[in-house]
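Please work through each task with the structure open before reading its solution.

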Amino acid sequence: MLKLTDVNKKYRNNFVLKNANLTIEKGKLYLFVGDNGSGKSTTIKLISKVIFKNSGGQINNEFEKIIYLPDKCSYPNLIYVKSYLDMYLNKTVSLNDITNKMKEYNLENKMIGSLSKGMYQKLGILQMLLSNAELYIFDEPLNGLDKSSIIKFKADIKKMIENGKTIIISTHSRMS
C-alpha cells in the first residue's frame, strides 16, 4: 500500500497540492483524470520519488519496486529498439519475448532516433510492460498511439491487474 496523508506541494507561492490524501492499494488500477495544472503529474512525481521533497504531510510506501513512464522521456538515438530494451531489461527478459511484444505493438526494430512520436511512445510502454515491478505509473501513455495499440495496451493493463500488479495512469480524458 502507498498512502499520502495531508500532502502539500508548493511551487513558489502556489499550492499544486493542498492537504491531499490518497491510498493506493495493491492489485488495482487508478486513473488520475484532470486538466493541466490539476496536480496529476506532481502527485505521480511525489509517489515515484522524482520530486523528493514535498511541502508538508506524509508519504508512506510499501511497494518495493516502482517504475514510472513520464509523459516526455528521452532515449539514446543511435541504438536499435531491441538492443535498447535488452540492455534496459538487463537480460531479465529473453530476446524472443522482446521480439514478440514488439510484434504485438507493431514496433519495428529501427534506430530509436528514427522513430515517429507514436513508435517512441510504444517503446516506453514496452519498456514498462516488460519490466517486473509492483507499481507501474504511466503519465499520459496514450499520447500518439494508434487505435490498435490503445486496445492492446488496455488488454495488457487488465492482465497485469489480474496478476496482482498495481497501475496508476494519468490522463486528460477517460480511457473508457
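**Exercise 1.** Determine which residues form one aromatic cluster with Tyr84, and classify the pair of Tyr84 and Tyr88.

*Solution.* In this predicted model, the aromatic cluster consists of Tyr75, Tyr84, Tyr88 and Tyr120. A search of the whole structure returns four aromatic pairs. For Tyr84 and Tyr88, the ring centres are 6.1 Å apart and the planes stand at 25°, so this pair is stacked. The cut-offs behind this step are centres within 6.5 Å and planes under 30 degrees apart.

**Exercise 2.** Classify the ring pair of Phe138 and Phe153, and state which elements of the chain it links.

*Solution.* The centres of the two rings, Phe138 and Phe153, lie 5.2 Å apart with their planes at 80°, so the pair is edge-to-face; the angle required for this class is over 60 degrees. The pair links distant parts of the chain, since Phe138 is in strand β6 (residues 135-139) and Phe153 is in helix α5 (residues 147-162), 15 residues apart. As for cover, Phe138 is buried at a relative accessible area of 0%, and Phe153 is likewise buried at 0%.

**Exercise 3.** Identify the residues that touch the most other members of the largest nonpolar core, and find the element that gives the largest share of this core.

*Solution.* The largest nonpolar core has 30 residues, of which Val81, Leu85, Ile112, Leu123, Tyr136 and Phe138 touch the most other members. Two or more residues each are given to this core by β5 (66-69), α2, α3 (95-104), α4 (117-129), β6, α5 and β7 (166-171). Among these elements, α4 provides the largest share, namely five residues.

**Exercise 4.** Locate the nonpolar surface patch that includes Val33, and find which lysines lie over aromatic rings.

*Solution.* Leu29, Leu31 and Val33 make a nonpolar surface patch of about 220 Å². Val33 is part of strand β3 (residues 29-33), and because its relative accessibility is 42%, Val33 counts as partly exposed. Turning to the lysines, Lys9 lies over the face of Tyr11, 5.2 Å from the ring centre, while the charged end of Lys18 sits over the ring of Phe15, at 4.9 Å from its centre.

Conventions:
Residues are numbered from 1 along each chain as its sequence is written. This is a predicted model: local features need pLDDT of at least 70, side-chain atom pairs count only at pLDDT 80 or more; totals for chains, interfaces and linings use all residues. Side-chain values use heavy atoms; hydrogens and water are left out. Patches are made of residues with over 30% relative accessible area and no salt bridge: like charges are joined within 9 Å, nonpolar side chains (Val, Leu, Ile, Met, Phe, Trp, Tyr) within 5 Å. Accessible areas come from the Shrake-Rupley method with a 1.4 Å probe; for residues, only the protein chains shown count as cover. A salt bridge is a side-chain nitrogen of Lys or Arg within 4 Å of a carboxyl oxygen of Asp or Glu. Helices (H or I, at least four residues) and strands (E, at least two) are DSSP runs, numbered from the N terminus. Buried means under 20% relative accessible area, exposed over 50%, partly exposed in between (1.4 Å probe, protein chains only). Rings of Phe, Tyr and Trp (its six-membered ring) pair if their centres lie within 6.5 Å; planes under 30 degrees apart count as stacked, over 60 as edge-to-face and the rest as tilted. A charge sits over a ring if NZ of Lys or CZ of Arg is within 6 Å of the ring centre and within 35 degrees of the ring normal. A nonpolar core is a set of buried Ala, Val, Leu, Ile, Met, Phe, Trp, Tyr and Cys residues joined through side-chain atoms within 4.5 Å.
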